[in-house]
Amino acid sequence: MTIDLDSIGKKWIVGERSWSARDAMLYALGVGAGAKDPFDELAFTTENSRDVDQCVLPTFGVVLGSGSGNLSRFGDFPLSSILHAEQALTLHAPLPQAGTVVTTARVVDILDKGTGAMIITEAALRDKASGRLLIQNRNTIFARGEGGYGGWRGESTVWEQPAGAPDHVVQYQTRRDQALLYRLSGDGNPLHSDPRMAADSGFDRPILHGLCTFGFTGRALLHTMCDSDPSRFGSIAVRFASPVIPGDELTVRMWDAGDSLKFQTLVGDRVVLDRGLFTRRES
């Protein structure tokens, strides 16, 4: 047993993270903005278009919160045993085109799932200048082979796909080089770029970052449910269900329930993001 259960509840200061307008635009390109029509999302892909104010995609918040879950804090298990299981993001205000945040993090819980341990961390990102809370990220990783120690399994959560056809369906085509674009925003894991690393992990070719699929899905929700207005984007939560290969077409299915909705993202008939929950705010 290499999981450190004493880490539950511990808090730490991650540090500062700054970004520029260029970083925000690069992220937008990395999650497909402008790929189908270069003039369709200029607010997110340019900073100097006439009569267009630059905006930042809300899911850029997961990039700003990356690096807060140093695995050595939770035990000495191998990196190869880790799977990204779930991700949740809450926006308390639209992200500025450029800025600096100060991040603090904590271990929410470690759950014994039998075949592995589920480690849940949460990060709070505050604007350095004002101290205002901008972003909360909740990240869940699954450490294979680290469960079975008789710990608490956690409460069961129920997510049921609504009956009937989705209220909205959005399709996005990913590029064959999508992972190479997305990795420029900071996630250089070679699983997404190196064919030999992918083969060692059991894949025929490098797979797309789960958070890239998350970003594509966030764009669909923003444009469909928020009239492309980031100030109306409240929160998004998903479970990663299966991998995406760069070049796959993503289909986002949404069931609208007013201020909140459920969604799934699929490749063909295969669910890749499951148990999706989204909330929006009044503008």
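In what order do the 10 strands of the open sheet run? Keep in mind that this is a predicted model, then trace the sheet across: β1-β3-β4-β5-β2-β7-β10-β9-β8-β6, with antiparallel pairing. At the edges sit β1 (11-19) and β6 (168-173), each of which pairs on one side only. As you step from one strand to the next, the twist averages 20°. If you want a reminder of what holds such an arrangement together, strands of a sheet pair through backbone hydrogen bonds, either parallel or antiparallel.

Now zoom in on one pairing. Strand β2 (residues 82-91) and strand β7 (residues 233-240) run antiparallel and are joined by five bridges. To get your bearings there, find Glu86: its bridge partner in β7 is Arg239.

Next, have a look at helix α6 (residues 210-225). It has 16 residues and reaches 22 Å from its first C-alpha to its last, close to the 22 Å expected at 1.5 Å a residue. This helix is mostly covered, with 13 of its 16 residues buried. Just after α6 comes Asp227, which takes a positive phi of about 50°.

That brings us to the inside of the protein. The largest nonpolar core has 62 residues, and the members that touch the most others are Phe60, Leu221, Ile236, Met254 and Phe278. Helix α6 supplies the largest share of this core, eight residues. Apart from it lies another core, of five residues, including Ala85, Leu111, Met118 and Phe142.

Technical notes: Residues are numbered from 1 along each chain as its sequence is written. This is a predicted model: local features need pLDDT of at least 70, side-chain atom pairs count only at pLDDT 80 or more; totals for chains, interfaces and linings use all residues. Side-chain values use heavy atoms; hydrogens and water are left out. A nonpolar core is a set of buried Ala, Val, Leu, Ile, Met, Phe, Trp, Tyr and Cys residues joined through side-chain atoms within 4.5 Å. Buried means under 20% relative accessible area, exposed over 50%, partly exposed in between (1.4 Å probe, protein chains only). Helices (H or I, at least four residues) and strands (E, at least two) are DSSP runs, numbered from the N terminus. The expected span of a helix is 1.5 Å times one less than its number of residues. Two strands pair if DSSP finds at least two bridges between them. Axes are lines fitted to C-alpha atoms, for helices over the stretch in contact, and angles run from 0 to 180 degrees between N-to-C directions.
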